[in-house]
Amino acid sequence: MPSSIASGKAPISDEKRRGPPLAWVGWAFLGLIGAVTVAYIAGKAWSNPVLFLQNILDGLKLGFVYALIALGYTMVYGIVKLINFAHGDVFMVGAFTSFYAVSRFRLHQWPSAVFPGIDPTVSVIIGSITVVLLAMLICVLLAVTIERVAYKPLREAPRIAALITAIGVSFFLEFFGALPFVYSGRFIPYKAPFPTTAWYVQDGIHPIVSGTASPDNTISFSNIFLLIAAASILVQVFLQWIVKRTKIGVAMRAASYDKSTARLMGINVDRVISFTFAIGAAFAGLGGVLYAIAYSSIWSQLGVLPGLKAFVAAVLGGIGSIPGAFVGALIMGQAEALTMGYISTPMRDAVAFAILIIVLLVKPTGLFGEPSGEKA
Amino acid sequence: MELGYLAGSIVKLAALIGWIYGLLWGLGRPKAWQKAVTIILAFGVIQAAILAKFGDIALFSAFDQGLLIQACTMTMVALGLNLIYGFNGQFSLAQWGFYGIGAYCSADITYRWTSGDASGLLVAGLGTILGALALFLVGWLLKKKRGVPVLSAFTFYLIALVAAGFAAVKLGGALSPLLAPYFGSPEAPGVLASPLALQIVFFLSIIVAGAFAAEVSFIFGLPVLSLGSDYFGIATLGFAIIVKTLLVNSDTILPFPEMKGGRGMIGIPKLTNWIWVFAFLILVIVIIRNFVRSSTGRATLAVREDEIAARAMGIDVAKNKLMAFVVGSFVAGLGGAIYAHYIGFLAPGSFDFIQGYNPLIIVVFGGLGSMTGTIAASFGWIFFLEGFLRVLLGQLGSDAPSWRLVLYPIALLLLMLVRPQGLLGTVEWGFFKDGNNPIGRAREKLSAAVKLKGSGTKKEGE
């Protein structure tokens, strides 16, 4: 008898050593795709390194904005396991709030209107910060209202009901925004609350005089890029601090781990969820203002694609993970910018989602995700 | 005027729902001749309504006919999605992408045919046939080696499909000049330019479009269906976006100048009429119903309820999911093909993923896993949103129709809050009832016997 067990065991260990048959084919296929992509981009970069660097910079700009939106997705999904489709539209509302504050009510000039003698630079800085804070506040109120009205009653319902509700809320915001007396369905030019300055790099950094083009073959960047990068990184640090060091952060992590146990430990889970929605919406509002300033055109469906791509970024980085969302967003930004630069502008959406599908196939938990059966 | 129109529309909608009930009831009769009579009657009633005219006013105006055709195509798409999502539990947003693929594929075939070029039909037809052969061949070869990982299997299938497509392009390109003389000139049209030939080509183009969508769904679903539910959903959303992007670039990135990219494809022959629509509607209803009521369909339901338990019962879960996905997409392709030849103009904007939520919302409205609910919701959806809401709001002013897209999310939210299982839940009518197949009858007899014995164990309904 023992010999038969031993002989029965032998093929199993043999099987384990060899692994599943033909597994190399799939990896070779993916490797081929990766190698061709890398070779193509490297060839382009070699032939024109300056253009390549410029594309990378543009990708960073996009990626930092996506990072701001992706935070809201990743935190909400981490706690309530809901793809909050309305998040992208909250982002749109942030952009429109700042548009009305700047163009209609000239809120960005209030310091110089109230204190006539003030230094104009200081006035613009304080005014712009006010506009951003107002947009963030409106977004927070909106998101908390949505959460209370639409999502909270469905917390115990099947997940699909909440998902359909999220789609419904998203549609409502988009099409209500498209009504003629709200935002109208047209593209609206957006005027930044502060003047734009750009610099180019050629033996040192020189400002671009307005009205003239930057010299050929130079990299240029603007104060908007610096602002977006600084805001995005600051938000990351701030959020890390909240989640790791504060009481509400501990409560958030506990709620995302196990809601019912967290409730037993005396955590008000409903308040934690509301707080999560609020903080995500605040950063989405900030992102909306920055996006509108950077791309200077807004409309009522502005939030749809950036929102989806930010969600993809969150999935890419491992949903529920905050640094993952940041890294995923930067990767998405690069992928889009390089596609726009080297393949074709309309293909950017297709490439972004193709990357998502490939990443999900290779590592379904995302880059920073913890391997857990519950997430799927 | 508005009130009269509203009342008329409601009467028409109620009559159509009654018509659906009658059709399903008749199809559910046991005898074949009863089914045949039902089909002829159901067809005849609508045909008569289309032809009937009281003086100047048609009972069923051209607008209503358009709505009816749209409702039928939407029914096909939504029934397919109901199979994927309602019966198999795979949250898919790709259905609209397959609808677009079917629409563009068949439109391209007939468009080329009417301009005297048989290459569309030859390449697409040969491509789907060779592709199917290649897929079966690879599947047969892979079966011999057990446990091949999904990614490797995908690679083999993809290589086979690309090879088949390449062969079809070469072969079709070589064959189509041979057919060119039979088209004749505009003054003396040849055999192939006759209306009868065009109708046959139309039929073939619909089938080819469905088969093409099914093959695309196979190659896409094979790796993606192995993901979890939410990830599968977002990947299918990505698929819908990729399809739309490719359609926008169909004249630059894809080699189809006649599709004209984002400007939209014009000049598609408007061949769809009530006969075709009805025939394919019945076909789709029968396909989906028989699929769900077959042993594969029961396995499909088992997979939705509990994948692990289904696997323990010996069901090949991956294969089962893939089969439901492919059948659902095939049906969507058919719907797209019929829609394309009704509307005569295709723009990528109508295959946007935002529109793609529509079939999903219809399926949820009608009740997940209720085929009757899906059909009723499709009709209600088209007639409500496209029909009288657009016309009625149009009476109020030029901006008012945009309100309809504000009202329907509100309706959706209210439905989700009040009745999350959908309007009809899992209610089925006539043909779709469980009692209409031998196993269902046996089950009913069994439960009746159990009740007679008075064991009192209440079995949970499905």
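Okay, quick housekeeping. This is a predicted model, where local features need pLDDT of at least 70, side-chain atom pairs count only at pLDDT 80 or more, and totals for chains, interfaces and linings use all residues. Residues are numbered from 1 along each chain as its sequence is written, while chains are lettered from A and ligands numbered from 1 in the order in which they are written.

Strands here are DSSP runs of E, at least two residues, and helices are runs of H or I, at least four, numbered from the N terminus. β2(A) and β3(A), residues 205-207, pair antiparallel over 3 bridges; pairing needs at least two DSSP bridges between the strands. Their hairpin has 3 residues between the strands, and A:Asp203 takes a positive phi near 50 degrees there.

On to the other partner. β2(A), residues 198-201, is joined to β4(A), residues 219-222, by 4 bridges, again antiparallel. In that pairing A:Ala198 sits opposite A:Ser222. Put together, you get an open sheet of 3 strands in the order β3-β2-β4 in chain A. β3 and β4 of chain A are at the edges with a single partner strand each, so one side of each has no neighbour in the sheet.

Now over to chain B, and helix α6. α6(B) covers residues 150-183, which is 34 residues, and spans 46 Å from first C-alpha to last, close to the expected 50 Å. That expected span is 1.5 Å times one less than the number of residues. There's a kink of about 35 degrees centred on B:Pro177, where the bend is the angle between axes fitted to the seven residues ending there and the seven starting there.

What covers the buried residues of α6(B)? The cover includes α2 and α14 of chain A, together with α5 and α7 of chain B. Buried means 20 or more other C-beta atoms within 10 Å of the residue's own, with C-beta atoms placed from the backbone. Among the buried ones are B:Phe154, B:Tyr157 and B:Phe183.

Last bit: the contact between the chains. It takes 43 residues from chain A and 42 from chain B, counting two residues as in contact if their C-beta atoms, placed from the backbone, lie within 7 Å. On the side of chain A that touches chain B, α7(A) gives the largest share, 11 residues.

Definitions and conventions:
Buried ≥ 20, exposed ≤ 12 C-beta atoms within 10 Å, placed from the backbone.
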